[in-house]
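This briefing is meant for a reader meeting the structure for the first time. It takes up the ligand and its surroundings, then the domains, and lastly some details of the backbone.

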Amino acid sequence: MRLTLRQLQVFEAVARHRSYTRAARELHLTQPAVSMQIKQLEEALGLPLFEQIGKRIYLTDAGREMDHYGRMISQQLADAEAVLGDLKGLRRGRLDLAVASTANYFATRLLAEFCRRHEGVVFSLDVTNRERLLDHLERNDIDLVIMGRPPEQRPLVAEAFLENPLVLIAPPDHPLVGERAIPLSRLRRERFLVRERGSGTRSAMERFFAASGASLASGMEMNSNEAIKQAVQAGLGLGIVSRHTLALELRTGAVAILDAEGFPILRHWYLVHREGKRLSPMAETFRRFVLDAGPRLIEDTERPAPPPRPEDPAA
Ligand code: PGA
C-alpha cells in the first residue's frame, strides 16, 4: 500500500468540507485534481472513503478510520514543523487548545495576555465539555487541554494549577440566603438546575450528593452555565456552578451564594496533555505561562471592582 502525504492532505480537506469543490478552493487545486488524488488514495487502500448520496458526500466506515488516523498524522507533522521551526529561530507558532466550558470564563483572559506577550502566536480554541475534551486527548489532535482532573487510567500528564470551588447559588430573595451552615436535609425539597451529562461540574455534584447520602429533587437539565445562572435568577431553582463563572453576577448581586454544609465542593483545574507528547515550543511556552502566571492573573481579573468613589462636590 502506497500513501502519500499529499493524498492525506487532500483527503483531510475533503472530509472536513464534505465537498470536493470547497477542498479544491482551499488547496488551490482544480476539482478534477482533488478527485484524482482521492481516487488514487482509495485505490492504494482498496476501499472507498466517501459515498455520494444525492448532492452530498459522506464518509464510509473506512473514511472515518482514515479521518481518525489522518488527524493524528497531521498533528504529528504540525508538532514536527513547530519544533523544527523553532530550531530555525522562527518566532511564530500555532497553539491548539481545548478547554472545559466552565474554564472558558478565565481561559480567554489567559489567552489574551499570552497573545500580548507573544505576537506571533496563532491559536484555535475549542470550548466543550469534559467528555469531548477526553476525546480530543484520545485522538491527539490538540496541544493542551484545561479541564477538571482527568481519569487516572488514561496515559495523560495532568498538572493542577488552580482551585475550582463549586458553589450553591440561589436568587437573592431566596429564604435560605444569609443562613449559616445550612444542613443538606434542608435542600431536599429544593429543585436543582443541573448541567448536562458529560459535564465535569455535573459529575462532581453527583459524587458529592452520593457521598453525603443526600438525594436531590429532580431538576431541569441545561447544557450551559449561563442557562443555569439565568434560570436561578428567574427563580426556577438552585444551581451548582463553578465560582469562576460568577464574577459578573456577584458584582451586580444577581445571584447569592448559599452557605450549605460541605460547600464549596473543592475541585482543581488541570493543564493536560498526552503522555509522551512532544509539546511544540509555543505549546511549551504556554504551559509554563499558565503554571507560573495563570493563578495570579485569574485572581486579579476576578477580584470585585472597588466601589465607585463618591462624587467630588467641588468638581
Ligand atoms: P464542565 O467543566 O462542567 O464545563 O464540563 C468542568 C470540569 O471539567 O471539571
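In this predicted model, the ligand is surrounded by Ala 100, Ser 101, Thr 102, Asn 129, Arg 130, Gly 148, Arg 195, Ser 199, Gly 200, Thr 201, Arg 267 and Trp 269. By residue type, this shell around the ligand divides into 2 nonpolar, 7 polar and 3 charged residues.

**Contacts and burial of the ligand**

- Thr 201 has an N or O atom in its side chain that is 2.6 Å from an oxygen atom of the ligand, while a polar side-chain atom of Thr 102 lies 2.8 Å from an oxygen atom of the ligand.
- Gly 200 takes part through its backbone, where an N or O atom lies 2.9 Å from an oxygen atom of the ligand.
- Taken alone, the ligand exposes 280 Å², and the protein buries 100% of that area.
- The space that the ligand takes up is the largest cavity.
- Helix H7 (200-212) and strand E11 (265-274) are the elements that give two or more residues to the shell around the ligand.

**Domains**

- The domain assignment of the chain gives domain 1 (5-74), domain 2 (85-162 + 268-302) and domain 3 (163-267).
- The ligand lies between domain 2 and domain 3, because both of these domains give residues to the shell around the ligand.
- The centres of domain 1 and domain 2, taken over C-alpha atoms, are separated by 30 Å.

**Backbone details**

- Phe 263 and Pro 264 are joined by a cis peptide bond, with an omega of about -5°, and Pro 264 is found in the loop between strand E10 (256-257) and E11.
- His 28, although not a glycine, has a positive phi of about 55°, and the place of His 28 is in the loop between helix H2 (20-27) and helix H3 (31-45).

Conventions. Residues are numbered from 1 along each chain as its sequence is written. This is a predicted model: local features need pLDDT of at least 70, side-chain atom pairs count only at pLDDT 80 or more; totals for chains, interfaces and linings use all residues. Side-chain values use heavy atoms; hydrogens and water are left out. A residue is near a molecule or strand if one of its heavy atoms lies within 4 Å of it. A polar contact is a pair of N or O atoms within 3.5 Å; within protein, one must be able to donate a hydrogen and the other to accept it, and residues adjacent in sequence count only if both atoms are side-chain atoms. Accessible areas come from the Shrake-Rupley method with a 1.4 Å probe; for residues, only the protein chains shown count as cover. On a 1 Å grid over the protein atoms alone, a cavity is a set of points where a 1.4 Å probe fits but cannot get out, and a pocket is an open set with protein on both sides within 12 Å along at least five of seven lines; lining residues have an atom within 4 Å of a point. A molecule sits in a cavity or pocket if more than half of its atoms lie within 2 Å of its grid points. Helices (H or I, at least four residues) and strands (E, at least two) are DSSP runs, numbered from the N terminus. Ala, Val, Leu, Ile, Met, Phe, Trp, Tyr, Cys and Pro count as nonpolar, Asp, Glu, Lys and Arg as charged, and the others, Gly among them, as polar. Domain bounds come from an automatic or database domain assignment.
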